[in-house]
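Work through the exercises below with the sequence and the coordinates at hand. Each task is followed by a solution in steps.

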Amino acid sequence: MSIWDKNLANASLQSLVPYEPGKPIDDVAREFGLDPASVIKLASNENPLGPSPKAIEASKAFLENAHIYPDGGGYHLREAIAEDHQLSKDQVILGNGSNEIIELSYHAFTQPGQSSVVASRYAFVVYKLMAQLFNVEMIEVPDSDFQHDLEAMLEAIRPDTKMIFIASPNNPTGTRIPDTEIVAFLEKVPSSVIVILDEAYYEFLPDAPPSIQWLERFPQLILTRTFSKIQGLAALRIGYGLAHPEIAGVLQRCRQPFNANAIAQAAALASYQDKEHQSKTAEMTLAGRDRLEAFARQHQIHYIPSEANFVMMKTGEADRIFSELQQKGVIIRSLSSYGLPDWIRVSIGTPEEMTRFESEILEVI
Ligand code: PMP
């Protein structure tokens, strides 16, 4: 039977290519007969130091209560985040990863078949996948040398445009939008358009933007942040959004009652308070990134200077490089699914992992 001929499923899903995650270590080890302990993954911008030991302890303790439903309102975690940013708790919404905040925004602000959204050509791919899922038109705006072209994005806004996504630093390009450009952009966006500023890699910026202050000035702004990157809790799926209380309230209505699980909330709270683990991670990441970029220069590999915990490099033949490195037990990302068949993306690992990457890449390039 063809589900599409029979018109059983939503037609807009037929051409949807599901999100392609970084390949798991176990899969690669099985496929190539390698010892999983010898395989390194530099493919999903994770924290190579792992979670904060305090987060591990908190989540273990919480397992004892796994028979009790989570606090659907996420009281303690939202309180801690709000206090940290001097916001009110009703400005904080928790998500099953920050991806869920993106999804909730589509639920809240778009209408299938009637709305459009705007994003930059090489922005994080989930914005586009969700647009397709919700049968909303994605207006992709060409970028300029892997930098968002905010002027062109403003011009792309139509009467049916409901949301505009900007990512800073962006994945997979690693590029940051200057603070002054973001403010000038926010000043010009019509108040009927929601702006989602995705700050998944915000904590890696030594001079992070005062984006919390922008919330007060621009009530249609939503900031999204995650515990998956610097906090090292990617497996637990927890992130959050920050917005005007009315916007956050609408997002709250769109979520499942227990969207952020209790173990994740407990781990996230402990992790959030462990500033030492975060600075250790940032320090290692920035040193590793400097080293990787220096390596690229030394070997004349073109790269885009990154502000995040990964670097995009032009090696040519990204799919071949990906698969040959994989056979050697090094997992990176080919960016051909982003329409960049000559580019790979390499996450910053430990110094040992970077040494391994440097020696293996030279053999396959
Ligand atoms: N935004 C960006 C820019 C990302 O790179 C990612 C992770 N790949 C996310 C959002 C989603 O992260 P999570 O759902 O794990 O919080």
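This is a predicted model: local features need pLDDT of at least 70, side-chain atom pairs count only at pLDDT 80 or more; totals for chains, interfaces and linings use all residues.

**Exercise 1.** Determine the strand order of the open sheet of seven strands and find which strands stand at its edges.

*Solution.* Step 1: reading across the sheet gives S2-S8-S7-S6-S5-S3-S4, and the pairing is mixed. Step 2: strand S2 (92-95) and strand S4 (137-141) each have a single partner strand, so one side of each lacks a neighbour in the sheet, and these two are the edges. Step 3: from one strand to the next, the twist averages 20 degrees.

**Exercise 2.** Identify the helix that packs on the sheet with a direction about 155 degrees from that of S4, and list the strands it touches.

*Solution.* Step 1: the helix is H5 (residues 126-133). Step 2: H5 touches strand S3 (116-120), S4, strand S5 (161-167) and strand S6 (194-198).

**Exercise 3.** Characterise the pairings of S7 with S6 and with S8, then that of S8 with S2.

*Solution.* Step 1: four bridges join S6 and S7 in the parallel sense; Val-195 has Leu-221 in S7 as its bridge partner. Step 3: S7 and S8 run antiparallel and share five bridges, with Arg-225 partnered by Tyr-240 in S8. Step 4: strand S8 (residues 239-243) also pairs with S2, antiparallel and over four bridges; here Leu-242 in S8 stands opposite Val-92.

**Exercise 4.** Is strand S7 (residues 221-226) enclosed by the rest of the structure or open to the outside?

*Solution.* Step 1: in a regular strand, side chains alternate between the two faces of the sheet, so each face is checked separately. Step 2: on one side of S7 are Leu-221, Leu-223 and Arg-225, and on the other Ile-222, Thr-224 and Thr-226; all are buried, that is, under 20% relative accessible area. Step 3: six of the six residues are buried, so S7 is largely enclosed by the rest of the structure.

**Exercise 5.** Locate Leu-221 in the nonpolar cores and list its contacts beyond four places in sequence.

*Solution.* Step 1: the largest nonpolar core has 42 residues, and Leu-221 is among those with the most contacts inside it, as are Ile-81, Ile-166, Phe-185, Phe-227 and Leu-242. Step 2: leaving out residues up to four places away in sequence, Leu-221 touches Leu-186, Val-195, Leu-197, Ser-211, Trp-214, Leu-215, Leu-242, Ala-243 and His-244. Step 3: another core, of 37 residues, lies apart from the largest one and includes Ile-102, Ala-123, Phe-134 and Tyr-338.

Note on methods:
Residues are numbered from 1 along each chain as its sequence is written. Side-chain values use heavy atoms; hydrogens and water are left out. A nonpolar core is a set of buried Ala, Val, Leu, Ile, Met, Phe, Trp, Tyr and Cys residues joined through side-chain atoms within 4.5 Å. Buried means under 20% relative accessible area, exposed over 50%, partly exposed in between (1.4 Å probe, protein chains only). Contact means heavy atoms within 4.5 Å. Two strands pair if DSSP finds at least two bridges between them. Axes are lines fitted to C-alpha atoms, for helices over the stretch in contact, and angles run from 0 to 180 degrees between N-to-C directions.
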